[in-house]
Amino acid sequence: MKITVSKFFTLISLLIVLNACKEEAKPNIAEGSDKKIEIVEKPDLFYHYSIWHAFVNKIFEGDITAGELKTKGDIGLGSYNFLDGELIMLNGQLYQAKENGKVVKPSDDIKIAYANATFFDTDDTFNLQEVPDYETLRKYINEKLPTKNIFYAFKIHGEFSKMKCGGLHKQEKPFDKGLDYLIPNRPIFERENFTGTMVGFFCPEFIGDINASGYHLHFVSDDETFAGHVMEFEAKNLKVEIDQIHEYQFVLPQTEEYRNVGFEKEFQYKKQ
Ligand SMILES: [Zn+2]
């Protein structure tokens with residue numbers, strides 16, 4: 001087909017209109033540049049102890065200690081043995097958010113069932129003025145990420161008018177309840193008008209049963225008295241720090257339970 005000059009100009013005007021529509025569709029939820037962040041090529045390592053599929057299959061005991069985890073990263077999240085609290089690591093400090101809502105700094109010999117960690121190295125930072133909920137934060141970060149095919153770590157500090165965190169009920173052997181029961185029945189902690197940091201990761205879809213895909217964030221307040229797994233929040237003046245990660249290491253538990261687990265449980269609990 002021959003494209004005439006007039007058809008060519010019609011096509012160009014159509015493209016301009018389409019582009020203008022695209023601009024309008026952008027959510028106006030934050031201050032700062034709309035520019036995507038750039039890919040940074042450097043060897044950050046995502047350290048992962050145990051795998052998601054083992055955790056789902058009630059492998060609630062691991063054989064690494066808090067002291068060892070601190071040699072794998074300075075930020076992280078996970079759970080302690082027997083699901084004795086949510087694990088949060090921020091700036092090299094480990095926290096244990098217990099089922100009664102108390103937050104303690106555990107000793108280096110406490111054991112860990114499941115953990116993600118990395119040495120955080122800020123590649124990009126941006127600010128968000130008003131963030132009405134978790135979904136909006138995810139949407140905004142999604143727009144900034146240069147690709148969904150690599151891993152990311154986040155440190156997000158700000159003012160929280162509302163924060164709702166989940167905890168875990170400590171289990172005893174033999175472990176008869178799995179996460180399919182424990183997550184919907186988890187203890188929930190809420191607090192208003194305070195400051196703190198969300199810390200966590202993004203994993204691509206291809207991670208499959210090894211880890212949960214998408215975003216997974218934990219939280220600790222600046223006064224170190226409130227912590228847990230982030231469920232929902234309302235925040236303002238968030239400073240979002242992003243670390244791009246191109247290498248992934250997972251380490252399998254060397255326990256009898258892990259060696260004998262059947263992986264038969266098909267639990268589809270998905271983190272956001
Ligand atoms: Zn969590």
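Surface. I looked up the area first: the chain exposes about 13,700 Å², and carbon and sulfur atoms supply 51% of that. Accessible areas come from the Shrake-Rupley method with a 1.4 Å probe, and for residues only the protein chains shown count as cover.

Source. I note that this is a predicted model, in which local features need pLDDT of at least 70, side-chain atom pairs count only at pLDDT 80 or more, and totals for chains, interfaces and linings use all residues. Residues are numbered from 1 along each chain as its sequence is written, and side-chain values use heavy atoms, with hydrogens and water left out.

Burial. Of the 272 residues in the chain, 49% are buried (under 20% relative accessible area, 1.4 Å probe, protein chains only).

Contacts. I counted a contact where heavy atoms lie within 4.5 Å. Among contacts in the chain with a separation of 6 or more, 80% are between residues 24 or more positions apart.

Elements. I found 6 helices and 14 strands; these are DSSP runs numbered from the N terminus, helices being H or I with at least four residues and strands E with at least two.

Strand β9. Which strands does β9 pair with? Two strands pair if DSSP finds at least two bridges between them.
- β9 (residues 151-166) runs antiparallel to β13 (residues 227-245), with 14 bridges; phenylalanine 154 has isoleucine 242 of β13 as its bridge partner.
- β9 is also antiparallel to β11 (residues 194-203), over 9 bridges; lysine 155 is bridged to valine 199 in β11.
- β10 (residues 188-191) joins β9 by 4 bridges, again antiparallel; glycine 166 has isoleucine 188 of β10 as its partner.

Technical notes
Buried means under 20% relative accessible area, exposed over 50%, partly exposed in between (1.4 Å probe, protein chains only).
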